[in-house]
Amino acid sequence: MDILSSGSRLSALEGASNTTDVHYLLQIASQSLLKHFAEICEGAVVVDRQARVVWMNEQYPKRLGISNLKTVIGQPVELVLPNSLMREVVETGRPIMLDIMSFGSESFVVSRLPLHDEQGLVIGGIGLMLLDDARNLAPLVSRYNQIQQELQDTRQQLAIARRAKYTLSSLIGSSEVLTKLKAQARRTACSNATVLIQGETGTGKELLAQAIHNASARADKPFVAVNIAAIPEALLEAEFFGAVAGAYTGADRKGRQGKFKLAEGGTLFLDEIGDMPATLQAKLLRVLQEGEYEALGSDQLLRADVRILSATSRDLAQEVAQGKFRADLYYRLNVVPLNMPALRERLTDLPLLCEQLLDNLSHKQGGSPRELSTEALDYLAHYAWPGNVRELQNVLERAVMLSDSFVINLDEIQALLPGVQTHTLLAESHPHPEAAGLAANSLSFTLAQAEYQAIQAALQACGGNKAKAATRLGISRTSLYEKLATYRPN
Ligand SMILES: Nc1ncnc2c1ncn2[C@@H]1O[C@H](COP(=O)(O)OP(=O)(O)OP(=O)(O)O)[C@@H](O)[C@H]1O
Ligand SMILES: [Mg+2]
């Protein structure tokens with residue numbers, strides 16, 4: 001039936017006010033329309049006032065994998081079409097025209113219209129899924145598909161970027177201290193316990209945190225790292241908990257998702273936790289205790305399902321003793337303490353580390369892999385490595401750039417790290433009480449020797465860092481310099 005021409009005949013009949021004919025014709029028209037749509041639509045469905053399916057065209061059940069149409073009649077529409085918006089249409093009485101709905105890999109243009117009775121009351125609705133060769137809509141559908149694809153790709157990339165890169169096997173080393181640490185980390189990965197990783201800079205604290213996450217049941221959920229020291233204090237709260245639109249001056253118009261939200265279901269790594277200001281310490285403590293938080297500018301409580309790992313290169317226990325860090329938060333964070341050993345405490349790992357790091361460098365830079373001569377390696381083993389593995393990485397990277405040969409030799413390493421005493425380790429390389437001109441049997445000599453040994457031990461423990469050694473000894477830095485000067489030969 002030609003719908004347009006039937007429409008014009010209809011108005012002519014209405015003009016003649018032959019109501020019986022009009023009603024008859026209207027009935028025929030709607031039946032024909034339905035038949036027509038049933039033929040041209042991939043899917044057509046009619047629901048009643050309660051959004052229950054009352055009719056479907058033949059194609060629809062086939063698309064849905066339903067063999068018997070009778071089984072869907074009378075069912076709530078969402079049970080048959082899970083994403084259906086028909087209920088919204090019958091409840092609001094408003095049509096939803098030209099929506100796009102996905103079915104497997106295909107997308108269709110869907111229109112949903114309310115059906116009114118003679119008094120204008122909504123008695124149901126009709127949903128029409130247009131055939132995909134509706135040519136004029138093809139550009140719209142293809143644009144929609146393209147956007148969907150882009151969205152999916154971006155989501156995937158984000159998920160990959162969020163996924164932690166390292167596993168426990170990325171922590172190179174087989175020294176006793178590292179092997180023990182890895183075993184501890186493996187055990188803790190199975191639990192949800194908060195872990196505090198302490199260690200000098202460059203020892204691999206972040207690497208360990210990522211490895212723990214990857215070995216845990218949360219591995220396929222996000223790993224979100226926040227470097228507290230790198231964020232201005234004023235922004236920290238929003239960064240952590242998020243902010244609703246317009247919550248603070250300069251806040252995004254749409255609000256902001258906090259790291260707790262981003263890490264939902266996964267792990268939140270709080271790096272440089274010792275730098276956390278007191279106000280935020282209190283708020284973090286509350287999340288750890290109650291598992292709840294509020295976004296900035298909102299009073300809605302949100303639940304946090306996040307595992308907390310934190311790290312610091314500071315002596316956090318000392319910060320607690322000095323009142324700079326909350327004791328209650330410290331205990332909450334430090335349920336499992338893990339100490340990353342300094343490189344100088346695991347020098348047996350040096351050959352393997354150098355080999356692996358040089359391999360990684362050649363992969364990254366595309367050159368052939370390099371080796372260190374035995375003398376060069378021995379020289380490196382006498383250095384105190386205050387910057388630990390990161391510093392080793394940097395030294396090797398520079399050595400690779402400077403050296404043309406396959407084997408990096410002693411000279412080339414010496415040029416990069418001058419002044420390392422190869423025959424005497426750090427402690428012995430420092431001045432000695434005899435240099436202070438004291439008689440060997442005198443009490444002053446014995447006391448000076450004890451003091452000297454204490455200073456050497458502190459220097460050794462602090463990688464030669466005099467400021468840290470002074471703190472460790474409980475004396476001022478100037479006082480340490482003065483003492484060292486006394487022992488220095490003229
Ligand atoms: N055991 C290790 N095996 C291999 N690479 C390591 C190891 N430890 C550290 N690294 C590498 O050293 C670099 C520094 O590691 P990371 O950033 O984890 O240290 P960090 O302790 O967090 O340092 P900082 O305190 O300065 O933040 C990284 O490139 C990391 O891959
Ligand atoms: Mg770090």
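Reader: Leaving aside its neighbours within four places in sequence, which residues is Cys462 in contact with?

Author: In this predicted model, Cys462 is in contact with Lys468, Ala469 and Arg472, once its neighbours within four places in sequence are left aside. Two residues are in contact if their C-beta atoms, placed from the backbone, lie within 7 Å. Cys462 itself has its place in the loop between helix H18 (443–461) and helix H19 (466–473).

Reader: Why does Cys462 count as buried?

Author: The cut-off is 20 or more other C-beta atoms within 10 Å, and Cys462 counts as buried because it has 20 C-beta neighbours inside 10 Å.

Reader: What makes Ser403 partly exposed?

Author: Ser403 has 18 other C-beta atoms within 10 Å, and a residue is partly exposed if its count lies between the limit for buried, 20 or more, and the limit for exposed, 12 or fewer; therefore Ser403 is partly exposed. Ser403 is found in the loop between H16 and strand S14 (407–408). Leaving aside neighbours within four places in sequence, Ser403 is in contact with Ile408 and Glu412, while its C-alpha atom and that of Ile413, ten residues apart along the chain, are separated by 9.5 Å.

Reader: Why is strand S1 called largely enclosed by the rest of the structure?

Author: Strand S1 (residues 41–48) has eight residues, and six of them are buried, so the strand is largely enclosed by the rest of the structure. For the protein chain of 490 residues, 26% count as buried.

Reader: How do you know that S1 and strand S2 pair, and in which sense?

Author: Two strands pair if at least two bridges are found between them, and S1 and strand S2 (residues 53–56) have three, in the antiparallel sense. Val45, for instance, stands opposite Met56 in S2. The two strands form a hairpin with four residues between them, and Ala51 in the turn has a positive phi of about 60°. S1 is also joined to strand S5 (residues 122–130), by seven bridges and again antiparallel, with Gly125 in S5 as the bridge partner of Val47.

Reader: Why do strands S7 and S12 stand at the edges of their sheet?

Author: The sheet is an open one of five strands, in the order S7-S8-S11-S6-S12 and with parallel pairing. Strand S7 (223–227) and strand S12 (336–339) each have a single partner strand, so one side of each is left without a neighbour in the sheet. From one strand to the next, the twist averages 20°. The partner of S12 is strand S6 (residues 195–198), which runs parallel to it and is joined to it by four bridges, and Gln198 stands opposite Asn339 in S12.

Reader: What makes up the shell around ligand 1, by class?

Author: There are 15 residues surrounding ligand 1, and the closest are Ile172, Gly204, Lys205, Glu206 and Val389. By class, the shell has four nonpolar, eight polar and three charged residues; Gly counts as polar and Lys and Glu as charged.

Reader: Which domains and helices supply residues to the shell around ligand 1?

Author: Domain 2 (168–339) and domain 3 (345–416) each provide at least three residues of the shell, and helix H8 (205–215) and helix H16 (388–402) each supply at least two.

Methods. Residues numbered from 1 in each chain as written. Chains lettered and ligands numbered in written order. Predicted model: local features only at pLDDT ≥ 70, side-chain atom pairs only at ≥ 80, totals over all residues. Axes fitted to C-alpha atoms, helices over the stretch in contact; angles between N-to-C directions. Near = placed C-beta within 6 Å. Domains from an automatic or database assignment.
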